[in-house]
Amino acid sequence: MHGNEVLGRELLLQLSEFLCEEFRNRNQRIIQLVEGTRIHILPSMNPDGYEVAAAAQDRDTSGYLVGRNNANGVDLNRNFPDLNTYIYYNEKNGGPNHHLPLPDNWKNQVEPETQAVIQWIRSFNFVLSANLHGGAVVANYPYDKSLEHRVRGFRRTANTPTPDDTLFQKLAKVYSYAHGWMHQGWNCGDYFPDGITNGASWYSLSKGMQDFNYLHTNCFEITLELSCDKFPRQEELQREWLGNREALIQFLEQVHQGIKGMVRDENYNNLADAVISVSGINHDVTSGDHGDYFRLLLPGTYTVTATAPRFDPETVSVTVGPGEPKLVNFQLKRSTPPAAPKRRGPNSGHRGRVLPKKVQPRAARKKEMMMKQSQRVPA
């Protein structure tokens, strides 16, 4: 998304070719990954910035930030709607913990590239993603925005974890330890234990992409800083590819952990937007348009509840192992509205029985009325 941080672009192009070639060569690991995973690859979110950075390289006049922004001079990783402010308020005062709504005029606040990406990630029930950058070598996980805004000089003093902090640390370590040297910690003059960091403990930023994904969609995203040199030379690309290849594959495989399944009603109709809650983790996910859901979880035993409007909730206990995700389907029963209390009639009584009225012939009633009238005539 930063046009001058080009290694991620080259790695994703190479990854696409690698997946196709290994699939064709009948590599069983890649076949299983490709056939069991919907993989989307976006090599560049900021092609205009890349063109500026590449032209500067050709002129040998490149600066550290040349090409970082888009054609309008906007940093796209500071351009997503700021949902952190709302989640921090909700965590303190109560409110939604997921799928926070966008402002009504959000399209007028973001760049065309940002709007296109937002519409893309809202179109699919994404589960896991990575945002590739350069300028450091570390796996960065949310939150990026600190509860107390910090500048870069005050490192590791504003750790701001998500409710899924342990899971995010594991995802970051998977990449770091599968990478050729990220896990060593010392890179580019910085030291990060295990080669990972909470974003806000490194430096706080607002309106970033990884926090937006976590707070507005079902997607768990981390940010991968992949090279000290933002625009490495061509002869360095082979070494970088070999250093990142296994890490990229292992990260893709991490989507297959936790629980998954369908949410349906009693008639086996798929229920979209059902909420899947895990006891003890204050962050929910929802089912997709076809009733399918995915919830990344570490191995352990969990209490999981599915809820949907006008349906009774269903709660199950689930034990998640370290291998394939546990299949957990929910079948919700439509709620029965409470019966309205019976209204008592005007003649009801006597233990709820309605007493019959006395019935008189019309002629007798008329004669009786005439007699009552004659009695009221004065003497």
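## Backbone exceptions

Tyr-143 sits in the loop that links strand 2 (136–141) to helix 6. The model is predicted. The peptide bond running from Pro-142 into Tyr-143 is cis, and its omega is near 5°. Most peptide bonds are trans, and most residues other than glycine have a negative phi.

Lys-207 is not a glycine, yet its phi is positive, at about 65°. This residue belongs to the loop between helix 7 (199–202) and helix 8 (209–216). Lys-207 is partly exposed, with a relative accessible area of 38%. Arg-310 also has a positive phi, near 70°, and is a residue other than glycine. Its loop joins strand 11 (300–307) to strand 12 (314–320). Arg-310 is exposed because its relative accessible area is 62%, over the 50% cut-off.

Strand 2 and strand 5 run parallel and pair over three bridges. Which residue of strand 5 is the bridge partner of Tyr-141? That partner is Asn-198.

## Helices against the sheet

Helix 6 covers residues 165–178, which makes 14 residues. At 1.5 Å a residue, the helix should span 20 Å. Buried residues of helix 6 include Leu-167, Phe-168, Leu-171, Ala-172, Val-174 and Tyr-175. Residues three or four places apart in an α-helix point the same way, because each turn takes 3.6 residues.

## Asn-131 in strand 1

Asn-131 is part of strand 1 (residues 128–133). Is Asn-131 buried or exposed? Its relative accessibility is 7%, so Asn-131 counts as buried; the cut-off is under 20%.

Beyond its sequence neighbours up to four places away, Asn-131 touches Met-1, Asn-77, Met-209, Glu-221, Ile-222, Thr-223 and Leu-224. Asn-77 is 54 residues from Asn-131 in sequence, but their C-alpha atoms are 9.9 Å apart in space. The side chain of Asn-131 also makes a polar contact with the side chain of His-133, at 3.2 Å.

Glu-225 carries the annotation "active site" in an unreviewed UniProt entry. The residue lies in strand 6 (residues 220–227). Glu-225 is buried, with a relative accessible area of 7%.

What does Glu-225 contact, leaving aside neighbours within four places in sequence? Its contacts are His-133, Gly-134, Gly-135, Ala-136, Val-137, Val-138, Met-182 and Trp-202. The Glu-225 side chain reaches the backbone nitrogen of Gly-134 at 3.4 Å.

Definitions and conventions. Residues numbered from 1 in each chain as written. Predicted model: local features only at pLDDT ≥ 70, side-chain atom pairs only at ≥ 80, totals over all residues. Heavy atoms only, no water. Helix = DSSP H or I, 4+ residues; strand = E, 2+ residues; numbered from the N terminus. Buried < 20%, exposed > 50% of the residue type's maximum accessible area, 1.4 Å probe, protein only. Contact = heavy atoms within 4.5 Å. Polar contact = N/O pair within 3.5 Å; in protein donor to acceptor, adjacent residues only side chain to side chain. Expected span 1.5 Å × (residues − 1). UniProt positions renumbered as here; feature names shortened; annotations may be inferred. Pairing = 2+ DSSP bridges.
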